[in-house]
Amino acid sequence: MLRTAFIINPRSAKNSADHFLRQLKARIPDPLVHISQSVQSTHDFILENFDEADIFVAVGGDGTISSVASNLLNTSKLLAVIPAGSGNGFSREMKFSSSLDHLLGKIKAGNVEEIDTFTVNGRISVNVSGTGFDGEVIQTFEQTSRGFANYIRTSLAKYRSYRPIKVRFEEKYSDCNGEYLMINVANTRQFGNNAFIAPHASHSDGLLEIALVRKFPFIHAPVFAYRMFSKKLIPNQYIKYLSVPEIRFEVDSDVWHLDGEGVKIPSPVHIKIWPKSLKIVV
């Protein structure tokens with residue numbers, strides 16, 4: 001079997017890092033494991049063991065996956081995942097299971113797929129990133145005990161008073177200038193928890209789906225939610241999609257999330273896809 005290293009984020013691993021370690025040691029003698037305390041410690045571990053491992057397994061949520069993946073781009077190294085986050089959007093889309101035995105079976109089978117990634121002002125994302133309402137929600141959500149129910153409560157509490165962001169696109173897309181509830185950049189179809197913001201997105205077509213969502217009346221929220229969770233979001237007066245390999249714009253907010261992790265990104269914003277830049281176990 002290919003040489004495998006495991007990187008565990010104990011904060012996002014659903015408080016089960018110890019249990020996972022016991023499972024791992026029962027199946028692999030003397031496994032190569034890192035309990036990550038920061039993005040930098042993940043980077044240092046991968047750098048130190050880059051020649052020793054063929055596969056790096058991220059045990060955590062989408063943010064953990066992104067931090068591991070950023071070190072593997074355009075190399076022969078493979079990414080695999082044990083999902084242990086709040087939404088697990090990337091893991092759901094790539095059909096990774098929380099079962100260690102299932103993952104070890106996939107590694108033994110040796111099947112690999114090359115997928116796209118993208119950058120926002122040079123910062124890597126593998127799943128869905130955005131600014132506006134969902135960026136604000138994520139930053140508040142990170143102060144809670146997490147969990148899907150807390151995410152919904154945080155969203156509802158913020159929605160009524162939230163003021164839309166103002167966006168000005170490069171000339172090519174200037175007809176889209178205006179105010180939006182949020183702008184989402186989708187490499188895959190969903191945020192997580194099967195909430196499909198871009199049901200037609202593909203992780204390997206060399207294009208990003210930019211979802212431009214206008215603020216809708218609160219009474220419309222159940223309809224929007226139903227369509228999002230049933231993969232039925234389509235362009236209408238409240239949502240528009242742009243399929244692009246690259247785009248630039250200015251926005252009057254620096255509050256973003258990258259794969260569900262709250263960050264500050266100042267304008268102007270440059271978003272670019274990197275086709276087939278990451279190899280994953282499938």
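I began with the aromatic rings, and a search of the whole structure gave me 10 aromatic pairs. My pairing rule takes rings of Phe, Tyr and Trp (its six-membered ring) with centres within 6.5 Å; planes under 30 degrees apart are stacked, over 60 edge-to-face, and the rest tilted. I then looked up Y159 and F216: their ring centres are 5.4 Å apart and their planes stand at 25°, so this pair is stacked.

A note on the ground rules. This is a predicted model, so I kept in mind that local features need pLDDT of at least 70, that side-chain atom pairs count only at pLDDT 80 or more, and that totals for chains, interfaces and linings use all residues. Residues are numbered from 1 along each chain as its sequence is written, and side-chain values use heavy atoms, with hydrogens and water left out.

Is Y159 buried or exposed? I found Y159 buried, and F216 as well (buried is under 20% relative accessible area, exposed over 50%, partly exposed in between, with a 1.4 Å probe and protein chains only). One aromatic cluster takes in F133, Y159, Y162, F216, F218, F224 and Y238.

I also looked for charges over rings, meaning NZ of Lys or CZ of Arg within 6 Å of the ring centre and within 35 degrees of the ring normal. The charged end of K77 sits over the ring of F50, 5.0 Å from its centre. K272 has its charged end over the ring of W274, also 5.0 Å from the centre.

**Overall build.** I noted eight helices and 16 strands in the protein; these are DSSP runs numbered from the N terminus, helices being H or I of at least four residues and strands E of at least two. The radius of gyration is 19 Å, which agrees with the value near 19 Å for a compact globule of 282 residues (taken over C-alpha atoms; the globule rule is 2.2 Å times the number of residues to the power 0.38). Along the principal axes, the C-alpha atoms fill a box of roughly 55 × 35 × 30 Å. Buried residues are 52% of the 282. Of the contacts (heavy atoms within 4.5 Å) with a separation of 6 or more, 69% are between residues 24 or more positions apart.

**Helix α2.** Which residues of α2 (residues 39–48) are buried? I listed S41, T42, F45 and I46. The face turned away from the buried side carries the exposed V39, L47 and E48. The cover over the buried residues includes β1 (4–8), β2 (32–35), β3 (55–60) and α3 (62–69).

**Cores.** I count as a nonpolar core a set of buried Ala, Val, Leu, Ile, Met, Phe, Trp, Tyr and Cys residues joined through side-chain atoms within 4.5 Å. The largest has 46 residues, and F169, I183, I197, I210, I247, F249 and I271 touch the most other members. β11 gives the most to this core, with five residues. Apart from it lies another core, of 40 residues, among them A69, L73, F96 and I115. Leaving out residues up to four places away in sequence, I271 touches residues including F118, V185, L208 and W256.

Where did I find a cis peptide bond? From S267 to P268, with omega near 0°; P268 is in the loop between β15 (261–264) and β16 (269–281). N74, not a glycine, has a positive phi of about 55° and is exposed, at 60% relative accessible area. The loop that holds N74 runs between α3 and β4 (78–83). D259 has a phi near 50°, again positive in a residue other than glycine. D259 is in the loop between β14 (255–258) and β15 and counts as buried at 3% relative accessibility.

R214 lies in the loop between β11 and α8 and is partly exposed at 33% relative accessibility. R214 touches E179, Y180, L181, Q237 and Y238, not counting residues up to four places away in sequence.
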